[in-house]
Amino acid sequence: MIPKVFKEVIDLGDGREISIETGKLAKQAHGSVVVQSGKCMLLCTVVSNYKQSDVDFLPLTVDYREKFAASGRYPGGFFKREARPSDGEVLTMRLVDRVLRPLFPKDYHAETQVMIQLMSHDDDVMPDAMAGLAASAAIQLSDFPFECPISEVRVGRVDGKFIINPTRAQLAESDIDMVIGASADSVMMVEGEMKEISEEEMVEAIKFAHDAIKEQCAAQVRLAEAFGKKEVREYETEREDKDLEKKIHDMAYDKVYSIAKSASAKHERSSAFDTIKEEIKASFSEEELEDFGDLISSYYYKAEKAAVRDLTLNEGLRLDGRKTDEIRPIWCEIDYLPSTHGSAIFTRGETQALATVTLGTSREANQIDMPSFEGEETFYLHYNFPPFSTGEARPIRGTSRREIGHGNLAQRALKGMIPADCPYTVRVVAEVLESNGSSSMATVCSGTMALMDAGVQLKKPVSGIAMGLISDGDTGKYAVLSDILGDEDHLGDMDFKVTGTADGITACQMDIKVKGLSYEILVNALKQAAKGRLHILEKLTDTIATPNTDVKPHAPKMVTVTIPNEYIGALIGPGGKVIQELQKATKTTIVINEDPVTEEGIVEILGTNQEGIDAVLAKIDSLTFKPEVGSVYEVKVIKMLDFGAVVEYTDAPGNEVLLHVSELAWERTENVSDVVNMGDVFDVKYLGVDPRTRKDKVSRKALLPKPEGFKERPPRSDNKDRGRDNRGRDNRNRDRDRKRD
């Protein structure tokens, strides 16, 4: 039986369309859609168990995978099967998860899976921009308790014009690359990178994206209505006890407010809050704790959150005693690690990051091999968040999604400031040593200083700051918090991170938890962030004002030269013999790439010893040496022959040429040794290629004065008489005729 297919089409306004289709594939899932733009097709399925899990949170898994078959390719590596997700896939999962998760009810704890797969790829369509749309559309077709449809779009700007879901080629020309997630009513998530844009320009881009998202949300509603909107499932809700909630609030609020106002340190404050909680629990009997223990803890945290928020809104004070726009004390240090190519410590309050820089050749570039994109990164950043940074002991099971996301944000913040002519592959690694507040922004700051310490000629230094927002919808009060603490990250209505130079924003990440946040508040928050960012930037430049003019003595120096294509083989040698011996002798690393346009050889020479680098350059000069007609060169005799001397250009060792006996001197030379001997050094003039021998011709006598009265030897008779005994062609023919007779 042919299935009935339901379809909605979204017009992007420039001739492109996105279609949402259901009814054909994966019908046993609780909701499934195929989202298509051009030849790019995403299949999204959603399933949620009907039984609640025994946890106090939503066990939501968002999984995004790109199938290599989608672009007609095989997976790389030994096993020809897709394995663990790439960093690019993980970043897309995070983008979708951050928008979906807040829209499920807080008491919905059923195991829920959202699976998005790239089934067909189009080089002109970036699939991650449609993943949020696919996830929300599939949920709208299910019976999940979900607040409202959402979507995500990428926005770029080329020549001052905003573009929704630009192609990769357009993105290369764009000064904005942001993904915005929103419902029809509220912007919920922003993440991206920019080329030093202003706060107003950023808000303008968000507004433009939101208009497109409204249309995509409306299309989902139409599709669900055509398909047949399902009744929302019933599930076991959490218990509520209003009387108990009020009792806990009355017992906790004033005590928490007092401690919050005391401006204590993180561990001291946490211990004091724990004491209040234990005192409250001690006031209940064992039977009551057994029956209502979870509720007591939940209501306590609710009272704690209310007290801390009220302190900030009412008195403009924060947990550590700062005012809303105040930045914690900062200290920095560079060149801390003696063996790295660059290092820096950035400490802000109770957050500390140690960054290192490693310089390498193009061979160390980070290879990206995804079905939707192949390429390499010559600048990349890795972020590590060990458990001791928060005073915890827990198992370490590989790189977490959070670490990938935070590292990517810091990388995007800094990469635009790496000069295009930087010869190195640059790797930054950030080790978070303490954390109470944004460690990703500490990574940006420490990374900036470490790069400058390493001698990377950054265009401009970059700093970053984490901000928060607390608002009261009833009274209209709100407070923007600069440099938020870890505790403030959880209790606020918005947390956002902004990085930039003194001239504009380079990256941002926002999660907005309050509905209908006005653009006026958003602009004010970004303006306050700019002031904090510039304050932090001043601390960085006080520590290191400009990049070091050179790399460290133990760090590799990099020299890049270009050679004609025909010399690449000579430099490599048979089986790599020449280049391997040269690397061993000079203690350098030599990498040869071919320019895809000019097909010239690009030779990278990396070494800590300048003498070794110079030796490689000399060898390359020797291999690519081409004398110019009429020029004079110094040569050395390396071989004596009866008819001349073999000489070597002293500036191009290995390049030999025959100096014929007739070019040694103006006088007739009977023996070569009468004029030159082995090891003699003198000048010769390059005469070009001899048309008779088709070999290079040089002359010593051309540089000597012609002896007085010297007479040129008579030229040899022309070719027609040579070797014929003056008999001519007819005589030779008659001789041949006689022999035949």
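**Salt bridges, cores and a cavity in a predicted model**

Asp-14 counts as partly exposed, because its relative accessibility is 46%; the class partly exposed lies between buried, under 20% relative accessible area, and exposed, over 50%, with a 1.4 Å probe and protein chains only. Before I continue, this is a predicted model, in which local features need pLDDT of at least 70 and side-chain atom pairs count only at pLDDT 80 or more, while totals for chains, interfaces and linings use all residues. Residues are numbered from 1 along each chain as its sequence is written, and side-chain values use heavy atoms, with hydrogens and water left out.

The partner of Asp-14 is Arg-16, and their side chains form a salt bridge at 2.9 Å, N to O; the term requires a side-chain nitrogen of Lys or Arg within 4 Å of a carboxyl oxygen of Asp or Glu. Arg-16 is also partly exposed, at 23%. The whole structure contains 40 salt bridges.

In the pair Asp-63 and Arg-65, the closest N and O atoms are 3.2 Å apart. Here Asp-63 is buried at 13%, whereas Arg-65 is partly exposed at 24%.

The N to O distance is 3.8 Å. Glu-663 is buried at 9%, and Lys-697 is partly exposed at 29%. Strands are DSSP runs of E with at least two residues, and helices are runs of H or I with at least four, numbered from the N terminus.

A network of salt bridges links Asp-128, Arg-154, Asp-177, Glu-193, Arg-412 and Lys-415.

I turn to the nonpolar cores. Such a core is a set of buried Ala, Val, Leu, Ile, Met, Phe, Trp, Tyr and Cys residues joined through side-chain atoms within 4.5 Å. The largest has 160 residues, and those with the most contacts inside it include Val-33, Met-202 and Leu-451. Helix 4 (residues 199-227) supplies the largest share of this core, 11 residues. Apart from it lies another core of 18 residues, among them Phe-625 and Val-672.

Finally, the cavity. The search finds 1 cavity of 30 Å³ or more, that is, a set of points on a 1 Å grid over the protein atoms alone where a 1.4 Å probe fits but cannot get out, with lining residues having an atom within 4 Å of a point. Its lining includes Glu-21, Lys-24 and Val-33. Strand 3 gives the most to that lining, with 3 residues.

How values were computed. On a 1 Å grid over the protein atoms alone, a cavity is a set of points where a 1.4 Å probe fits but cannot get out, and a pocket is an open set with protein on both sides within 12 Å along at least five of seven lines; lining residues have an atom within 4 Å of a point. Grid points are joined across faces, edges and corners, and a volume is the space filled by probe spheres set on the points.
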